[in-house]
Structure formats: C-alpha cells, structure tokens
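My entries follow in the order I made them.

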Amino acid sequence: MKVSVENVDEKAGLYSTRTLRIKVKGKTIKTPYRAITHQELNAKNNIPEDVLLHSDFSVIHRKFTLKEIREKVLGSNKYLSSLIKFLEEYRIRMQHSEFVLPFLQPYESALIADFNKEKYIRLIVRAQIEAGFRHVSIPWLKLPAREFLTIIEKHKNDLGEGYEIIPVIDIKEEPKELEPIFRYVKEVSTTGELNFFGIIHRPVREALASYDLAWEILKEADLCIIMLDVKRYEEDLNDVSNIHLNEFVLGDVTSLETIRIFGRKKKKDSETSTKKTTKRKKPIEEKLRIFDQEELRVPTLREFMRSSNWIDEISRYFDRSKEIREILENYREAQGDKEKIKVLNAISRVHEFLASEREFEASREFILHSETEDYIREKATLLRALRSVKGQGHLGL
C-alpha cells in the first residue's frame, strides 16, 4: 500500500484539514473517511431490514478496566482465549473492508495505577496476531516518550515484513511528551514501514496545544491518522456531530466511541436505601438522538421531529422500508419496552452511519479543491462550533 497527501487546506483561526490518497490492491481510497466500528456493525442486526453497511475501514475498539488487566489479561488463559475469539470473529465479519484494525486500549483510569505494562503490550500484540491480524496496534500506556518509542521500534523489528504496527497516543498528553513521537512516526512513514497512526480523541479545548503540534508536524506526512473513540455529539457545542467537527481539526479516518455497559453495583442496606425514590423517566423523544445531515448535529428526537418529513428523512436510507416506517410512526410504543427501544436505537445508529458516510463524500470534494470554507459556511452549526474556539491558538479553529 502507499499513502500520499493529496491536498492540505487550512485557514488560520477556522479549520485545518487535508485529503489523502491510499492505494491498495489496485484501488484508491480517499480521506477524510468514516470507519465503521464493531458496535455499529452489531446495530444492523437489531433492525428488521437487510441493510448493507460497508466501509473500507473497520475498527474493533475494546477497552479494559484495571481489574480486567490485572486479573484477566495478565493472568488468565481462558480470558485471553475468549479475547482472541472475539477479535477473530469480528475480523471475519469485517473481512470485506480493506482494513480491519484492532485497538485494545485500557481505560484512562486504569493508566493511573501500576501494572506490568511491558507484559500487557506483549500479550495484547500476541492476541492480535493469534486472531489473524496483519495490522497490530501498540496501545497507549502513558509511558515516557523514550520508553514508548523503544517499544514501538522493538515490535516493528521483531514482527518483520508480514506485519505492520499502529502506534496509539492520547492527544491529551503534554506537547513536550508527544513531540518526539510525532517526529518519529513522520520519519518512519517516509520508508513505508508505518502507514497508520492512532490518536485517542479528546475535546479540542482539553488538548489545544497538542492538536496544534500534531497538525504542524504531521500535516504533510504521508501517514494515515486514525482518530479513535470520538464521542457521538458535543453537547456544549449545540449537539454538533463530533465525528464531522473533527474532520476539520485532525484525523484522516475517524471512528466513533465504543461503549461498554457494566452492571450497576447494589447499594448496601441503609436508612436511605429503604426510602422510595421516584425519578422521572425521560420520554423517548428526549432520550433518542437522530443524526441531522443538514446541520451536522445529533439532536434529540423531539427536536428532530420539528421537521414534518422526519420519518421520510430516516426511512429513505432504508429504501423506504414499510417496516422501518411503521416502527418510526409508532415509536411511542417503545416507551418502557427494552426490546423496542433497542430497535429504535439501532435504526438511529444505522441511519447515522449511512447519512454521515454520504456527507463525508461531499465534504471530501470541497477539501480536495481547497474550497473547505465554502462547505463549512453551508453548515451553520459546524461553523458556530468551529468559531466557538476561535482565538485559542492556531489549531485551525
């Protein structure tokens, strides 16, 4: 494969973006691009419609708690065996993508504590290889830059030509810690030994200086940046779609956040626990969120419904399926029904992927022809979101 920068388009104080050309197996993929996650792939299994969800980039992003790392990843054959099976199953399900990329990252809270990080990386790398992957990620473990680079170099050399590593960093780290890593991946990318670089997404205002540094060093690098764990929407910025906002900050391929649901711990008996508490349950209109392609927002259903054609807008991505329309028309039936709300959530997620993918195709042409500003000005919410952090540094915001 060959990665090359096609065009860089930036306007100080408003945006920073670029297009890449990725040549692989006789075809060309252009960025910015939206990856599909294993959870989005699962969503389509919960709707009564056979929908094709295709992306040239598929991402399997599994996160681990500190307890899981200490008690399972580092010390359980059974757990590692099930992890390998999990990875292998999704690799097979996603085999129609050109790139199926696994990321096995500890939660941020786990990195504060101490555990054998060298062993963790060794086992995680081995699990990816056993599951049949050729692209192998090296997770971010909050190690000093020099130590992290030593680990990257070792695995790059040890794995040989049949494999390609993907280093991952957290953009929230201080610029002085990240700069050696940015310069290393840029240098190695010139040899073709490194084609992908993973970045854990953070809100711009939490990592402005690091975003700025990454853009300045990597904007002309022939390296595909995978932006991971992007939250679905930014509530503080009028529910703007984060995955589209980030298209004009940093990242060639963006991947939505994957969420694990843990069981709630039972409260201990106490005087207060015996008291009955009543909590207002939100109606579906306030819980369910729908992607608004025109505004690049993810508002609540109540707000989205203000359009008289909201059912048409969603169902057109399902070939105007009668079953999908019927579910949408009778959405109130899902109130208090876990199975029906699961179906509505799945429809919402699948619709968002399909509509968002189409929007990426449109924006890509504007960026390619250095007309990004024209595109942004057509999207009022996006423009306001970008302007809201204007003046906080050169980031292109």
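**Helix pairs**

I began with helix α3, which passes α4 in a right-handed crossing. The model is a predicted one, and I kept that in mind for each entry.

I looked up the residues where these two helices touch. From α3 they are Leu80, Leu83, Ile84 and Leu87, and from α4 they are Leu123, Ile124, Ala127, Gln128 and Glu130. Sorted by class, the contact of α3 with α4 holds seven nonpolar residues, one polar and one charged. I noted a general point here: an α-helix has 3.6 residues a turn, so residues three or four places apart point the same way.

Next I wanted the geometry of this pair. Two packed helices are described by the angle between their axes and the distance between the axes. For α3 (residues 77–93) and α4 (residues 117–130), the angle is about 50° and the axes are 8 Å apart. That makes α3 oblique to α4.

I then turned to α6 (residues 175–189) and α7 (residues 208–218). How do their axes run relative to each other? The axes come within 10 Å and cross at roughly 20°. Angles under 35 degrees count as roughly parallel, and α6 and α7 are therefore roughly parallel to each other. The crossing of α6 past α7 is right-handed.

I listed the contact for this pair too. α6 brings Pro175, Leu178, Glu179, Phe182, Arg183, Val185 and Lys186, which meet Ala209, Ser210, Leu213, Ala214, Ile217 and Leu218 of α7. The contact of α6 with α7 comes to nine nonpolar residues, one polar and three charged.

My last pair was α12 (residues 322–329) with α13. Their axes come within 11 Å and cross at roughly 115°. α12 passes α13 in a left-handed crossing. Ile324, Ile327 and Leu328 of α12 make the contact with Val343, Leu344 and Ile347 of α13.

**Along α13**

I stayed with α13, which covers residues 338–368 and so has 31 residues in it. From its first C-alpha to its last, α13 reaches 44 Å, close to the 45 Å expected at 1.5 Å a residue.

I checked both ends. At the start of α13, a side-chain oxygen of aspartate 337 comes to within 3.1 Å of the backbone nitrogen of glutamate 339. Just after α13, serine 370 has a positive phi of about 55°.

I looked for other backbone angles to write down. Aspartate 229 is not a glycine, yet its phi is positive, at about 60°. I placed aspartate 229 in strand β11 (residues 224–230).

Which peptide bond is cis? I found that the bond from threonine 31 to proline 32 is cis, with omega near 5°. Proline 32 lies in the loop between β3 (27–30) and β4 (33–34).

How values were computed:
Residues are numbered from 1 along each chain as its sequence is written. This is a predicted model: local features need pLDDT of at least 70, side-chain atom pairs count only at pLDDT 80 or more; totals for chains, interfaces and linings use all residues. Side-chain values use heavy atoms; hydrogens and water are left out. Helices (H or I, at least four residues) and strands (E, at least two) are DSSP runs, numbered from the N terminus. The expected span of a helix is 1.5 Å times one less than its number of residues. A polar contact is a pair of N or O atoms within 3.5 Å; within protein, one must be able to donate a hydrogen and the other to accept it, and residues adjacent in sequence count only if both atoms are side-chain atoms. Axes are lines fitted to C-alpha atoms, for helices over the stretch in contact, and angles run from 0 to 180 degrees between N-to-C directions. Angles under 35 degrees count as roughly parallel, over 145 as roughly antiparallel, 65 to 115 as roughly perpendicular and the rest as oblique. A crossing is left-handed if the near helix is turned anticlockwise from the far one by less than a right angle, and right-handed if clockwise. Contact means heavy atoms within 4.5 Å. Ala, Val, Leu, Ile, Met, Phe, Trp, Tyr, Cys and Pro count as nonpolar, Asp, Glu, Lys and Arg as charged, and the others, Gly among them, as polar.
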